[in-house]
Amino acid sequence: MDTDTAPWRNTTHDWTRSVDADHLAGIRRDQAAFAPGGLRHLLLEVLAYAADEAECSAGAGRCTVTLHPDGSVSVADEGRGTDTRLDDRGRPVKKPVMATKDLRFFDHPGAQVLPDGHPRRGMSVVAALSDWLVHTNRRAGGAWVQRYEYGVPSTGLTPIAGDGTTGTTVHFSPSGPVRAASAGGAPAPAPEPALVDPAALATAWPYLSVEVVDRRA
């Protein structure tokens, strides 16, 4: 445990650890429980965070879902960006949203139910069940990008130039079994056309406006 961060109060994630390998492995062992229906559930897990940000922004949040030719999916919102803190040496410490449990939802009896009728568990499910995930974060105090492979960071926080905006982009490539589950058991090289229905999401998340961009063609 890092003594620099040990005193911090954990309300959403455990700030004292960057990766919970046992947690990630447990998700991968039981994909049917954590991603019922496959890719659509993973997408809803990501969109739920965009919806949280929208609700905190006076109900005027927007995000874009992009379906890429290689079968990956990205979700870009216009929220505040993912939180960071500074340790006692002034070094940035990123909230471990991708590699540890979200304490508000995972194994929590009062967890939010997502639009597909299954409980919300958080971004670690998406990271664990993706071959890779790239998290781009823009906050008022700086911007960075980080890559994960199977839920484990493969890079550090890499600074990028600010563009005057804030928000988060999560770009992930679901693993082969997730794609197969999305297609009812058959191999699926790319997401199905009806992966996300903005009209249905508007009912579940009235604060969030969703645009879908299909680049697969």
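A salt bridge here is a side-chain nitrogen of Lys or Arg within 4 Å of a carboxyl oxygen of Asp or Glu. The model is predicted, so local features need pLDDT of at least 70 and side-chain atom pairs count only at pLDDT 80 or more, while totals for chains, interfaces and linings use all residues. Numbering runs from 1 along each chain as its sequence is written, and side-chain values use heavy atoms, with hydrogens and water left out.

**Exercise 1.** Work out which residue pairs with Lys-101 in a salt bridge, and how exposed the partners are.

*Solution.* Start with the rule: it gives nine salt bridges. One of them joins Lys-101 to Asp-107, with the closest N and O atoms 3.7 Å apart. Next, accessibility (buried is under 20% relative accessible area, exposed over 50%, partly exposed in between; 1.4 Å probe, protein chains only). Asp-107, at 58%, is exposed, and Lys-101, at 33%, is partly exposed.

**Exercise 2.** Find what the salt bridge between Arg-80 and Glu-53 ties together.

*Solution.* First, the distance: their side chains meet at 2.7 Å, N to O. Then place the partners (helices, H or I, at least four residues, and strands, E, at least two, are DSSP runs numbered from the N terminus). Arg-80 sits in the loop between strand 2 and strand 3 (84-86) and Glu-53 in helix 3, so the pair links parts 27 residues apart in sequence. Finally, Glu-53 is buried at 15%, whereas Arg-80 is partly exposed at 47%.
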